[in-house]
Amino acid sequence: MTILDGKKISNDIKNEIKAEVDKMKANDEKVPHLAAVIVGNDGASLTYVGSKVRACERVGFESTMVRLSSTTSEIELLDKIEELNKNNDIDGFIIQLPLPRQINTQKVLMAVDPNKDVDGFHPMNFGKMALDMSTFIPATPFGILELLERYRVDTDGKHTVIIGRSHIVGRPMSILMGRKGFPGNSTVTLTHSHTKNITQITSQADIIISALGIPNFLKAEMVKDDAVIIDVGISRVADDSEKGYYITGDVDFENVSKKASFITPVPGGVGPMTIAMLLKNTLLAREQHRQENR
């Protein structure tokens, strides 16, 4: 059994990006600039955005955090997005989700310039991804592809079962794993909360990608020997420790890992890859803007 070490691979990617940025600096070129918009004071969101800002510092990017109060109106947020769209100094930006109730998330994501949408959530970028065109791939699926590629996990002709159909992970992964090329060329089954006989389906899978958000959902009896397990879930489970909780994924790691050929841990698997690939998308955005301005 091989651990798919997201922490190590994400560090490798950050080092590669830093080397690119160092070259830009040596040539007196503009370095990539990532902005993050956060509305309200959600603790998890603030932690996540803070880690993105630190990652930018590490690779030499410029970064801007735009903090808005939880009472911000939809119109005020849309005005801020328009400002970022027009700011030529910013190569890419993200809107940290979830947004407060008074704001229509879909309307907000539609307002982001697709050329600056480094989260890959805009319908134009999603459509390009579905058509195998060059675009920004959502950071978590992009990170999963990178892990499979760098560990040379064979996906050709394999049966990939995806658990969860979110627009952020499940749906894009079903498209990406079925595309031509590597990683890809899989036969894909997309399962979700309404799927019947899910154990029957997962027990036939060569590769399982679980993005459900239910702690320890995937048990050893649901998995065949030598399956590849990608655990995207991350949940806090209450316990008697000093912190009062522990972090776990969708997969019963202790038992499933005994049967798997490759498996991602939680934490330290898919999570660190997400931020690394957000940086990679920002680097791609900078390169695109450079080409356009020639």
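A residue is called buried when its relative accessible area is under 20%, exposed when the value is over 50%, and partly exposed in between (1.4 Å probe, protein chains only). Helices (H or I, at least four residues) and strands (E, at least two) are DSSP runs numbered from the N terminus. By these criteria, five of the five residues of strand β5 (residues 159-163) are buried, so β5 is largely enclosed by the rest of the structure.

The model is a predicted one, in which local features need pLDDT of at least 70 and side-chain atom pairs count only at pLDDT 80 or more, while totals for chains, interfaces and linings use all residues. Residues are numbered from 1 along each chain as its sequence is written, and side-chain values use heavy atoms, with hydrogens and water left out.

The protein chain is divided into domain 1 (28-113) and domain 2 (139-272), with bounds that come from an automatic or database domain assignment. The C-alpha centres of domain 1 and domain 2 are 29 Å apart.

Strand β5 belongs to an open sheet of six strands with parallel pairing, in the order β1-β11-β8-β7-β5-β6. Two strands are taken to pair if DSSP finds at least two bridges between them. The edge strands of this sheet are β1 (2-3) and β6, each of which pairs on one side only. On one face of β5, H159, V161 and I163 are buried, and on the other T160 and I162 are buried, which leaves both faces covered. Strand β5 runs parallel to strand β6 (residues 187-191), to which five bridges join it; H159 stands opposite T187 in β6. With strand β7 (residues 207-210), β5 pairs in the parallel sense over four bridges, and I162 stands opposite I209 in β7.

A second open sheet has three strands, in the order β3-β2-β4, with parallel pairing. Strands β3 (62-68) and β4 (92-95) stand at its edges with a single partner strand each, so one side of each is left without a neighbour in the sheet. Neighbouring strands of this sheet are turned by 15° against each other on average, direction ignored. Four bridges link β4 to strand β2 (residues 33-39) in the parallel sense, and the bridge partner of A36 in β4 is I94.

Helix α2 (residues 43-59) lies across β2, β3 and β4 and runs at about 160° to β3. Axes are lines fitted to C-alpha atoms, for helices over the stretch in contact, and angles run from 0 to 180 degrees between N-to-C directions. The axes of helix α1 (residues 6-26) and α2 come within 8 Å and cross at roughly 50°. This makes α1 oblique to α2, as angles under 35 degrees count as roughly parallel, over 145 as roughly antiparallel, 65 to 115 as roughly perpendicular and the rest as oblique. The contact (heavy atoms within 4.5 Å) is made by N11, K14, N15, I17, K18 and V21 of α1 and by A55, R58 and V59 of α2.

Residue D22 is also in helix α1, and its relative accessibility of 35% makes D22 partly exposed. The C-alpha atoms of D22 and G60 are separated by 7.6 Å, although the two residues are 38 residues apart along the chain.
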